[in-house]
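Open the model in your viewer and keep the selection tool at hand. The stops below can be followed in order.

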Amino acid sequence: MTEVEANDGRTPVLDLGAFVGELTVEDDAASDDVSLEGLEQELQDCKTDDVVAMILSKGTKLRDYTKDVENNLRQIELDSIEDYIKESDNLVSLHDQIHDCDTILAQMEKLLSGFQAEIGSISSDIKVLQEKSMDMGLKLKNRKEAESKLAKFVEDIIVPPRMIDVIVDGEVNEEYMRTLEILSKKLKFVETDTMVKTSKALNDVQPELEKLRQKAVSKVFDFVVQKLNALRKPKTNVQILQQSVLLKYKYVILFLKEHGKEVYLEVRSAYIDTMNKVLSTKIRAYIQALEKLQLDIATSSDLIGIDTRSTSLFLRGREPLKNRSAVFALGERINILKEIDESALIPHIAEASSKKYPYEVLFRSLHKLLMDTAASEYLFCDEFFGEQSMFYDIFAGPFSVVDEHLNTILPNCFDAIGLMLMIRIIYQHQLIMSRRRIPCLDSYLDKVNISLWPRFKMVFDMHLNSLRNANVRTLWEDDVHPHYVMRRYAEFTASLIQLNVDYGDGQLELNLERLRMAVDDLLVKLAKLFQKPKLQTVFLINNYDMTIAVLKEAGPEGGKIQMHFEELLKSNTTIYVEELLVEHFSDLIKFVKTRASEDPSSSSERPITVTEVEPIVKDFASRWKAAIELMHNDVITSFSNFLCGMEILRAALTQLLLYYTRLSDCMKRIAGGSALNKDLVSISSIMYEIRKYSRTF
């Protein structure tokens with residue numbers, strides 16, 4: 001332990017210089033080459049080295065420690081040499097083994113080198129083979145494509161013997177149509193493919209294909225003409241023949257259109273001509289059969305304002321009397337609009353039952369048949385020929401037949417109700433065709449509609465003019481019950497209103513208003529021919545009440561016309577009530593209206609006295625019940641409608657009660673009026689009588 005350690009007694013600090021001692025640098029020639037740069041840094045690093053620290057801690061000098069290390073190394077070297085000598089035999093054996101291994105490895109190296117050379121050669125061969133394979137694959141692909149195109153070319157251009165046999169000798173059937181499709185493809189191939197134009201095979205094949213085309217066109221034409229001739233046979237169901245036979249062979253028409261245009265046009269023309277004649281004949285025959293079923297409803301003399309007594313009995317012998325009401329009343333005829341899409345009439349069945357029908361029934365049946373036939377033909381033309389336009393050429397004949405029929409019927413039709421029903425039928429048929437999305441009858445139905453409206457307007461104006469120009473003296477009858485002219489008007493108006501419910505035709509409403517004004521004027525003229533005003537009023541009330549009842553029976557759609565007659569009925573009822581009361585209680589009513597409102601206590605020139613009132617009171621008390629009974633009998637005999645009469649009687653009795661109440665009130669204000677109380681009829685007694693007559697309805 002150094003003195004520093006002994007003195008301080010602190011943790012020893014390694015002093016590298018004390019252990020190393022003084023370093024003497026020998027003057028050596030080599031010392032000039034030694035550089036001490038960085039030595040200080042190395043020494044500082046050695047302070048932290050564990051081995052150096054351990055050496056220094058033992059107090060051994062480095063030089064001594066170095067010698068010890070060298071001695072140890074020499075000893076280890078000597079030991080190693082001895083060990084080597086001991087193991088010399090093994091080392092020799094090991095050397096021999098290594099030499100053998102080198103020999104084997106050299107052989108293997110030679111072998112692997114040979115393998116490497118061979119693999120390099122094989123890789124080169126594989127690369128060559130790969131290139132050859134790719135070249136062969138490309139050639140194969142090109143050859144396959146060439147083969148495919150050539151095969152397709154050969155297939156498209158070659159004419160198989162079987163195809164020739166079928167086209168030339170075969171019957172037109174499904175196999176024939178399949179063969180036609182093949183022939184069509186070959187003909188299109190020859191005509192359109194540019195490669196064929198330069199092919200030598202074209203010279204051999206084209207003449208044969210042309211012969212086959214001509215043969216096919218000829219055979220197909222004969223076949224189609226044969227089928228068209230079948231359409232001309234009597235009692236042939238055209239639609240069934242079209243759907244079950246012709247449509248199966250629609251490809252032959254396409255073949256003709258593509259490869260035999262002239263023949264196709266000839267077939268098309270033949271079909272149009274055939275169907276035009278067939279359908280025209282069938283529709284004409286149907287119309288002739290329907291005409292036998294027609295029930296004549298109206299003649300030119302069946303007008304609202306025409307006197308029934310002036311019409312000849314011979315003109316009315318054509319149909320039963322029960323059908324005459326249909327001239328003005330709609331009745332069950334409206335059911336035709338509910339049966340709009342029912343099947344058409346079968347004439348011979350209807351004729352066998354001896355039934356007759358109004359013309360609108362026949363009209364619907366005719367147009368139902370026309371509509372179904374047209375729809376079927378339109379769709380067939382589109383599917384079989386691929387042409388919708390040819391329909392109009394086909395139906396030019398049927399349309400002409402129907403037009404001819406209508407031009408004969410309409411000028412002689414004076415049935416306004418029937419004409420309006422036909423207008424509504426046409427409208428419903430237009431809706432049906434619209435739902436079917438088939439426009440082929442649009443223009444025809446519009447034309448029929450346009451022809452019906454002017455005829456309806458003309459017949460309507462005839463009814464209107466019959467009212468305006470009516471001979472009042474001839475029409476007048478000494479009878480206060482509803483006039484037959486007014487009943488005709490009510491039924492006629494109710495019918496047209498009912499037929500306008502779902503259509504809201506403003507022009508029709510305007511015409512009905514004109515008709516209403518005319519009948520109002522005529523009715524007033526007829527009423528004025530009665531001598532007594534009371535009879536005039538009764539006549540008007542009966543007619544107004546009947547008109548309102550008829551309008552209500554037709555439905556709640558009377559509208560302004562019904563309201564107009566209700567107002568007239570109300571005003572005339574008020575007039576009648578006054579006339580009826582004046583007839584039985586004139587003095588009472590005159591006094592109440594002229595004197596009852598005066599004040600007896602006022603300084604009037606002629607005040608109301610008991611003497612003035614007494615006769616009135618006693619007269620009423622003596623005969624009021626009898627008078628009410630007479631009023632009741634008068635109402636019962638005057639008014640056709642019992643309920644209306646009872647309403648009028650109740651209104652009259654109520655008004656009488658009001659008059660008598662005012663008289664009673666007046667008497668209370670008269671001096672000495674109480675003396676007449678014993679002659680007054682109590683209000684309760686009058687009320688009892690009113691209730692008694694009210695119970696009758």
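This is a predicted model: local features need pLDDT of at least 70, side-chain atom pairs count only at pLDDT 80 or more; totals for chains, interfaces and linings use all residues.

**Stop 1**

Side chains of opposite charge can pair when their charged atoms come close. The structure holds 27 salt bridges. Select glutamate 387 and arginine 268, whose side chains meet in one of them, with 2.9 Å from N to O. Glutamate 387 is in the loop between helix 16 (359-385) and helix 17 (390-394), and arginine 268 is in helix 13 (residues 261-291), so the contact ties together parts that are 119 residues apart in sequence. Are these two residues buried or exposed? Glutamate 387 has 19% relative accessibility and so counts as buried. Arginine 268 is buried too, with a relative accessible area of 16%.

**Stop 2: arginine 333 and its partners**

Next select arginine 333 and glutamate 360. Their side chains form a salt bridge at 2.8 Å, N to O. Arginine 333 lies in the loop between helix 13 and helix 14 (335-338), while glutamate 360 belongs to helix 16, so this bridge joins parts 27 residues apart in sequence. Both arginine 333 and glutamate 360 are buried.

Where does aspartate 415 lie? The answer is the loop between helix 18 (396-409) and helix 19 (416-436); arginine 333 is in the loop between helix 13 and helix 14, so the pair ties together parts that are 82 residues apart in sequence. Aspartate 415 is buried, as is arginine 333.

For a network of salt bridges, select Asp341, Lys368, Asp372 and Arg436. Salt bridges with shared partners join these four residues into one network.

**Stop 3: aromatic pairs**

A pair of aromatic rings is described by the distance of the centres and the angle of the planes. The structure holds 23 aromatic pairs. Select tyrosine 271 and phenylalanine 380: the ring centres are 5.8 Å apart and the planes stand at 35°, so this pair is tilted. Tyrosine 271 counts as buried at 1% relative accessibility. Phenylalanine 380 likewise counts as buried, at 1% relative accessibility.

Now go to phenylalanine 620 and tyrosine 660. This aromatic pair is stacked, with 4.2 Å from centre to centre and 25° between the planes. Phenylalanine 620 is in helix 26 (residues 610-638) and tyrosine 660 in helix 27 (residues 642-669), so to follow the link between these distant parts of the chain, 40 residues apart, show both helices. Phenylalanine 620 counts as buried at 1% relative accessibility, and tyrosine 660 is buried with a relative accessible area of 0%.

To see a cluster, select Tyr378, Phe391, Tyr392, Phe395, Phe399 and Tyr444, which form one aromatic cluster.

**Stop 4: arginines over rings**

Select arginine 424 and tyrosine 503. The charged end of arginine 424 sits over the ring of tyrosine 503, 4.0 Å from the ring centre. Then select arginine 455 and phenylalanine 414. Here arginine 455 lies over the face of phenylalanine 414, at 4.9 Å from the ring centre.

**Stop 5: helix 19 and helix 20**

Show helix 19 together with helix 20 (residues 442-468). How do their axes run? The axes come within 9 Å of each other and cross at roughly 160°. Helix 19 and helix 20 are therefore roughly antiparallel. The crossing of helix 19 past helix 20 is left-handed.

**Stop 6: two loop residues with positive phi**

Most residues other than glycine have a negative phi. Select serine 354, where phi is near 60°, a positive value in a residue other than glycine. Serine 354 lies in the loop between helix 15 (347-352) and helix 16. At 62% relative accessibility, this serine counts as exposed.

End at arginine 437. Its phi is also near 60°, positive in a residue other than glycine. Arginine 437 is placed in the loop between helix 19 and helix 20. With 76% relative accessibility, arginine 437 counts as exposed.

Technical notes: Residues are numbered from 1 along each chain as its sequence is written. Side-chain values use heavy atoms; hydrogens and water are left out. Helices (H or I, at least four residues) and strands (E, at least two) are DSSP runs, numbered from the N terminus. Buried means under 20% relative accessible area, exposed over 50%, partly exposed in between (1.4 Å probe, protein chains only). Rings of Phe, Tyr and Trp (its six-membered ring) pair if their centres lie within 6.5 Å; planes under 30 degrees apart count as stacked, over 60 as edge-to-face and the rest as tilted. A charge sits over a ring if NZ of Lys or CZ of Arg is within 6 Å of the ring centre and within 35 degrees of the ring normal. Axes are lines fitted to C-alpha atoms, for helices over the stretch in contact, and angles run from 0 to 180 degrees between N-to-C directions. Angles under 35 degrees count as roughly parallel, over 145 as roughly antiparallel, 65 to 115 as roughly perpendicular and the rest as oblique. A crossing is left-handed if the near helix is turned anticlockwise from the far one by less than a right angle, and right-handed if clockwise.
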